[in-house]
Protein chains: 2
Amino acid sequence: MKPSIPKGTRDFGPKEVQKRNYLFSIIREVFIRFGYQPIETPTLENLSTLTGKYGEEGDKLLFKVLTNVSGEESGPAKRGLRYDLTVPFARFVVMHQNELHFPFKRFQIQPVWRADRPQKGRYQEFYQCDADIVGSPSLMYEAELAQIFDLVFAKLGIPVCIEVNNRKILSGIAEVFGISSHFTAMTMAIDKWDKIGPDGVAKEMIQRGISEEIAGKLIDVLGNNDLEFYRNLLEKSETGQLGINELDTFWRYLSAFNPTNKIIFSPLLARGLGYYTGCIFEVKATTVEMGSIGGGGRYANLTEIFGLPNMPGVGISFGAERIYDVMETLQLFPTQFSERIKVLFVAFDEPSHLYAFKALAKVRENGICSDIYPDPTKLKKQIKYASDNNIPFIAIAGETEMENNQFMLKNLDTGEQKSYALDELISFLKN
Amino acid sequence: MKPSIPKGTRDFGPKEVQKRNYLFSIIREVFIRFGYQPIETPTLENLSTLTGKYGEEGDKLLFKVLTNVSGEESGPAKRGLRYDLTVPFARFVVMHQNELHFPFKRFQIQPVWRADRPQKGRYQEFYQCDADIVGSPSLMYEAELAQIFDLVFAKLGIPVCIEVNNRKILSGIAEVFGISSHFTAMTMAIDKWDKIGPDGVAKEMIQRGISEEIAGKLIDVLGNNDLEFYRNLLEKSETGQLGINELDTFWRYLSAFNPTNKIIFSPLLARGLGYYTGCIFEVKATTVEMGSIGGGGRYANLTEIFGLPNMPGVGISFGAERIYDVMETLQLFPTQFSERIKVLFVAFDEPSHLYAFKALAKVRENGICSDIYPDPTKLKKQIKYASDNNIPFIAIAGETEMENNQFMLKNLDTGEQKSYALDELISFLKN
């Protein structure tokens, strides 16, 4: 049989895994430095945990798993594959509430699955990298999360713009224009601003039942992203004022550090309004065309659906797969990783092979990533193996070397070579 | 709704994740040092890749995933969850044969799924940690893999015994006793030696059709684990001699290093004979009762089933879940991890909270894992949060401290406290 893998899934070879691990390790390191603790939840969740949490469209995209256990009858699917990391986190918090200390800061870097039609850049199995705080309404955390976005992208070398908005400001706008009942229509239209432009947004608002006059005024207003302008505009909306105050607090905390990237207020940011109740974040790369590479926001009540009310939460998510693509485009990955094999031992007959294998044991004992060609064979073949595997040095165990208890170390890039006793070889390779 | 997770799956809280990562990182570090490259394969494989590869029993234990893609009709399951790492690796090698350089050394640390009846210590979702070499028959690799077992368990602090056998020796024994046609009967009985003892093994051999006389002789022979004895016994079996020679070569390479643990020849080791064709390994903890915590062996032909013949392979697997349990029993995990938060900033009003938050930004810039209580509140509550989260220091931002541009650092274990300027605080915490 000719083997294949399901459409929408991927194999990762060594180079890809190293690059992906590099990306994850930077995100993980920043999360940890900011006091987030790692948790992991199972791949399989009860279907009842997942269904109804992602809307009708989401329910369709759930991968269902048959629950036949050896010997039992196979019935209808009762389990599903994890669809995101937020719902499992909420479930985790409720199940483990008595072991946790609130505010609880956790991060999670795990794959999720969606039965989506596969296409370029859209996979059925992909990683999410989330950090959330649950159990505190403090806006300090919004500032901290913006700082994490800034720091991670600075470390990765990706120039970004971090956009911030607040659902309460959008509510306030709808209120002062007298279209609170059309809030969803308004925000769904606004959310498409980048794609269809202001005229398109106006058109869509009108289609969704907002009067032409109001739509026109809204477009004029939304072209402005000066917070002071909105402070005046929303003077008479209590909710709007709350939103402005929240952004003020956010900004006050944010002033504690100097971000590398731009962090701006954007009244056009209207994503995730089905669940976000306060701040909303979105991150876009500024030098590459590539939608959103990060996002997040505040939930008034993360865990109520599982029976634990009064648990405010705020979190962010890194779009790892897209960030990977951005880094490839901008050539931001290191060219060498610490996993690189530093030296390949080569030998020409059985005694020299064993002599080299013995030396290799010592080299590895010293923590040096190293290898040996498995058989004594032609030098050319062994050198090809070294260069195929991107190994910079070979250590040759010839007859003369064995007699003198040495190895000839050859730099495959420069052709330079020099004899070393084993301990000299080790200290050379260690540096 | 009251949330739950499927039986046989687990949530991992921060402490468990840290311990698990510690375990995986040691295994990974040794694999990398020995020149193995990381790969990752998808969770979902085509069912056709998986079925028929694990025997009838295995087929029953496959988790099947419904392949409905949004908008399409849902049909019978065409995909399954990864059941182990070996079959996906074989599939990977065949699919990517033109990009790989042989011998190809890979490692893989990923979860696998089995629809097994859950019970204590047996999960439906668990991690495997495998290293394999494909594309070389060299027995040097068997010695290298034994060395990896030895080194990993030495680093983890678990005393083990690494047992080695060779299928060809077992074949030779069956041959010289004239029961080659009862090879499977013989080895299946031998495999139970630890559980049912020599008398039980003899009884089972007889039940499986071996004569009482031969069974008695076999039991006498197998009580012996001196390789010289078998060299003589198998003088007339060509296959047996091959097995002895392979072990000789293995032993010659093994002499290149001084193992920390015992590595012994065991003619009673008869696992995995459905697929192993040469060396067989098994690792047992010597100070804890806990079956096998590692195993492996050589396949004459790893990839033939997927259409690529002549690809010898040899590999080992660490039983991560059991090793975790052994380490818990022997209390071998570190008590502190580098993910630990070192200091919690505490403040008493809005200005001091902002003052502390600013300092925290600098502390984190210096790579120190640190946090702040989200609101200015009572000291007692903030200290409780620090001790609940196992944070050793608090940095107090009181009125006096703010005036002097300092922080009072308090060691929560000893009660000692001392004032520091911010840069002094940072250099203290860095060490």
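Colleague: With which residue does A:Lys105 form a salt bridge, and how far apart are the closest N and O atoms?

Modeller: A salt bridge is a side-chain nitrogen of Lys or Arg within 4 Å of a carboxyl oxygen of Asp or Glu. In this predicted model, A:Lys105 has B:Asp371 as its salt-bridge partner, and their closest N and O atoms lie 2.8 Å apart. The model being a prediction, local features need pLDDT of at least 70 and side-chain atom pairs pLDDT 80 or more, while totals for chains, interfaces and linings use all residues, and side-chain values use heavy atoms, leaving out hydrogens and water. Residues are numbered from 1 along each chain as its sequence is written, with chains lettered from A and ligands numbered from 1 in the order in which they are written.

Colleague: How many salt bridges does a search of the whole structure find over all chains, and how many of them count between chain B and chain A?

Modeller: The whole-structure search gives 54 salt bridges over all chains, and eight are counted between chain B and chain A. Helix H13 (residues 350-365) of chain B gives the most to the side of chain B that touches chain A, contributing eight residues. Helices (H or I, at least four residues) and strands (E, at least two) are DSSP runs, numbered from the N terminus.

Colleague: Where does B:Asp371 lie?

Modeller: Taken from the side of chain B, B:Asp371 forms its salt bridge with A:Lys105, again with 2.8 Å between the closest N and O atoms. B:Asp371 belongs to strand S13 (residues 370-372) of chain B and A:Lys105 to strand S5 of chain A, so the pair joins two chains.

Colleague: How should I read the area that chain B and chain A bury between them?

Modeller: Buried area is the accessible area (1.4 Å probe) that two parts lose on being put together, summed over both. Here chain B and chain A bury about 8,800 Å², and 57% of that falls on carbon and sulfur atoms. In chain B, the residues that lose the most area to chain A are B:Met1, B:Arg33 and B:Glu40, which together make up 8% of what that side buries. With contact taken as heavy atoms within 4.5 Å, 101 residues of chain B are in contact with 101 residues of chain A.

Colleague: In what order do the eight strands of the open sheet in chain A stand?

Modeller: Two strands pair if DSSP finds at least two bridges between them. In chain A, eight strands form an open sheet in the order S1-S5-S6-S11-S10-S9-S7-S8, with mixed pairing. Strand S1 (37-38) and strand S8 (262-265) of chain A are its edge strands, each pairing on one side only. Within the sheet, strand S10 (residues 292-299) and strand S11 (residues 313-318) of chain A pair in the antiparallel sense over six bridges, and A:Gly296 has A:Ile316 as its bridge partner in S11(A). Helix H1 (residues 14-33) of chain A packs on the sheet, where it touches strand S5 (104-113), strand S6 (125-134) and S11 of chain A.

Colleague: What is the order of the eight strands in the open sheet of chain B?

Modeller: In chain B the order reads S1-S5-S6-S11-S10-S9-S7-S8, and the pairing is mixed. Strand S1 (37-38) and strand S8 (262-265) of chain B stand at the edges with a single partner strand each, so one side of each has no neighbour in the sheet. Strand S9 (residues 279-285) and strand S10 (residues 292-299) of chain B run antiparallel and are joined by five bridges, with B:Ser292 in S10(B) as the bridge partner of B:Lys284.

Colleague: Which residue takes a positive phi in the hairpin of S15(A) and S16(A)?

Modeller: Strand S15 (residues 406-411) and strand S16 (residues 417-421) of chain A run antiparallel, joined by five bridges. The hairpin has five residues between the strands, and A:Gly415 takes the positive phi, near 80°. S15(A) also pairs in the antiparallel sense with strand S14 (residues 393-397) of chain A, over four bridges, and A:Phe393 stands opposite A:Asn411 in S15(A).

Colleague: What kind of peptide bond joins A:Phe102 and A:Pro103?

Modeller: The bond is cis, with omega about -5°, and A:Pro103 sits in the loop between helix H4 (86-95) and S5 of chain A. In chain B, the peptide bond from B:Phe102 to B:Pro103 is cis, omega being near -5°, and B:Pro103 is found in the loop between helix H4 (86-95) and strand S5 (104-113) of chain B.

Notes: Axes are lines fitted to C-alpha atoms, for helices over the stretch in contact, and angles run from 0 to 180 degrees between N-to-C directions.
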